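This report describes selected helices and strands of one structure, together with the contacts between them. The sequence and the model are shown first.

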Amino acid sequence: MNSKKFIFIIGIVIAFLLAVHPGFASDELKASDNGKLINGQEYVKNRVLVKFSEDETPTAETTESSARGRIPGRNARHNQLATVLSHRYRSEIKGVRYHKYTGYYMVETQENCDIAALCRKLRLEPFVIDASPDYYAVIDSTVPTGYESSKPVLAASCPASTAPGTAIYPDDEYFQYQYALYNTGQVYLPETGLSGTTGSDIKAPAGWAWTTGSEDMIIAVIDSGVSGDHEDLAGKVIQGYNFVNDTPDASDDHGHGTFAASIAAANTNNGVGIAGVCWHARIMPLKTMAASGYGSYSNIAAGIRYAAEHGAHVINLSVGGRNPSPVLEDACKYAYEQGVVLVCSAGNYSPNVHYPAAYDDYCLAVAATGADDQHAPFSNTGPEVDVAAPGYFVWGARFSPYEPDNLSSYRWDSGTSFACPYAAGAAALLISYKPFLTNAQIMSLIKYTADDVNQDEDPGVDEFLGYGRLNLRTLLEPYELN
Ligand SMILES: [Ca+2]
Ligand SMILES: [Ca+2]
Ligand SMILES: [Ca+2]
C-alpha cells in the first residue's frame, strides 16, 4: 500500500469515528459552553421557548406581524402573560421576549437555572401550551470539514454527451463521477478506484428527458449558508437570511450548505463542475447553522417559516436533532399548509430518524444509499423513512472558509445530508413539470415511483429505505395507458 492510500484510509477511519459521535464540537461550541444535556441532547444555554395558549384571545396585533402575513402575531394578551411569567419566576427568569420569526416567546433564564425543572413548572401554567429548551440540531454530514479530497485525475469514462433515446447527458466535467445521477459501474472515487454498480442511480438522464427544471423554482436551503460566488452556483442564489447573526448576508462559513445546494441545483451543462438535479432552480440560502455545524431549533424553525413566507417551493433540511420540539413541528406544519414540500435528511448514526425528518405529517424523510443501492451504514432507520437517495461518497461543490477565494473546486462527501438534496431537486423538477400538483401529491409521487432496490431482503416499504431509491425516470415520464 502506498503512503497516499494509507493516509486516505486513515482519514476515512478518523472521519467515521468522529461521525459516530455527533458532538464533534468545534472550539466555538466548547468556548461558549452551550448548555447542559437533556436526553443526551445539547440545547442553548439559559433559554426556554414558551408557547402560550391560543385560547388567549388576541387583543391587538402589531403592524409587524400583520406585515408578515399569517405568522402568529405578538398580541397584547400574550405580552401580559410574558410579564406574568417574568414576575412569578423572577428567581429563575431574567427576561422574556417575543421571537418574531417563530411566534414563540424566548425566556432568558438566570445563570445556573435548572432548565428542565423550569420547563416542568411552566408547563403546569394553564396558559402555557409548551415550554421546552431550545435544542441544537446538527448538520448531517459524516465527514468533518477539513477532510477533503484532492482534485482527482480525470478518467476517460465520461458518457457521451449525445445518447440514444431521449435521455440527456450534460457536459459537466465531474458528471462522470456522479454515480448518483447515472451509474455505469464507473470509478467514482478516483483516489481509491472504487466503482459503482450499473443502474444504482436515480436515472437522472432519463428524467431530464422530460424536464430540466424551471427558473421559477425556489429551493430554500436551511443550512450553514450558501456561497453564491462558487462557479457552479453563480447566478443561482437569491436573497436569503442569516438567522445565526440576524443579518441578510447568508453566505457560507462552513461549506455544508454550499455542497448540499450544489447537489440540488448546481449550474448544469455548463462544462464545469458537477450536474445538479434541477438544473434551473434557484437557491434561497437560509443560514441557521453556525460555522460549528450546530444550529438552534428556534433558528431552524425561523428559517422554515421564512422560506414559506418568501415563495420557496421546496425546503431542503439536511440538518436535525434527536428531540422533538413544538417550535420545530409548528414551523413544519405552517410551511406544509402553505404548500411547501419539506425534504429532510433522516440523520446519521442516531440511530432513529431524527427531527424534523420524523414529522411524518409534513416532511419527506430521506435515507442514504451507496453506489450499489445498499443502505448506507450511517443512515438512520425507522418507520418515518420515506425514500432513499445516494449519499455515500457523492460529489458536490466545495467551499471552504479557509480558502474563500477558491470558487472552482469540488469534492466528495457523505451523509444523509447529501441524499436529501437529490430528493429536494427531484421535487423541484416535478413541480416545474407539473405545477398543478399539491405538495402532498409531490411527496406521494416521489415515494410511489421509487425503486424497491432491497426487495430481496426487505420487500415493500421498510425502515431502511422507505419506499426505495429515488427514480427520476418513473417520477417524471408520462404513463402510457393501453
Ligand atoms: Ca456544472
Ligand atoms: Ca415519513
Ligand atoms: Ca424495500
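## Helix H9

In this predicted model, the buried residues of helix H9 are Val327, Leu328, Glu329, Asp330, Ala331, Cys332, Tyr334, Ala335 and Tyr336. The helix is thus mostly covered, with nine of its twelve residues buried.

After H9 comes glycine 339, which has a positive phi near 95°.

## The parallel sheet

Seven strands form an open sheet with parallel pairing, in the order S9-S10-S8-S12-S14-S15-S16. Strand S9 (241–242) and strand S16 (387–390) stand at its edges, and each has a single partner strand, so one side of each is left without a neighbour in the sheet.

## Helix H7 and its neighbours

Helix H7 lies across S8, S10 and strand S12 (314–317), and its direction is at about 155° to S8. H7 (residues 256–265) also meets helix H10 (residues 416–433), where the two axes come within 7 Å and cross at roughly 35°, in a right-handed crossing.

On the H7 side the contact involves His256, Phe259, Ala260, Ile263, Ala264 and Ala265, which meet Ser417, Phe418, Cys420, Pro421, Tyr422, Ala424 and Gly425 in H10. By class, this contact of H7 with H10 comprises ten nonpolar and three polar residues, and no charged ones.

Methods:
Residues are numbered from 1 along each chain as its sequence is written. Chains are lettered from A and ligands numbered from 1 in the order in which they are written. This is a predicted model: local features need pLDDT of at least 70, side-chain atom pairs count only at pLDDT 80 or more; totals for chains, interfaces and linings use all residues. Axes are lines fitted to C-alpha atoms, for helices over the stretch in contact, and angles run from 0 to 180 degrees between N-to-C directions. Helices (H or I, at least four residues) and strands (E, at least two) are DSSP runs, numbered from the N terminus. A crossing is left-handed if the near helix is turned anticlockwise from the far one by less than a right angle, and right-handed if clockwise. Two residues are in contact if their C-beta atoms, placed from the backbone, lie within 7 Å. Ala, Val, Leu, Ile, Met, Phe, Trp, Tyr, Cys and Pro count as nonpolar, Asp, Glu, Lys and Arg as charged, and the others, Gly among them, as polar. Two strands pair if DSSP finds at least two bridges between them. A residue is buried if 20 or more other C-beta atoms lie within 10 Å of its own, exposed if 12 or fewer, and partly exposed in between; C-beta atoms are placed from the backbone.
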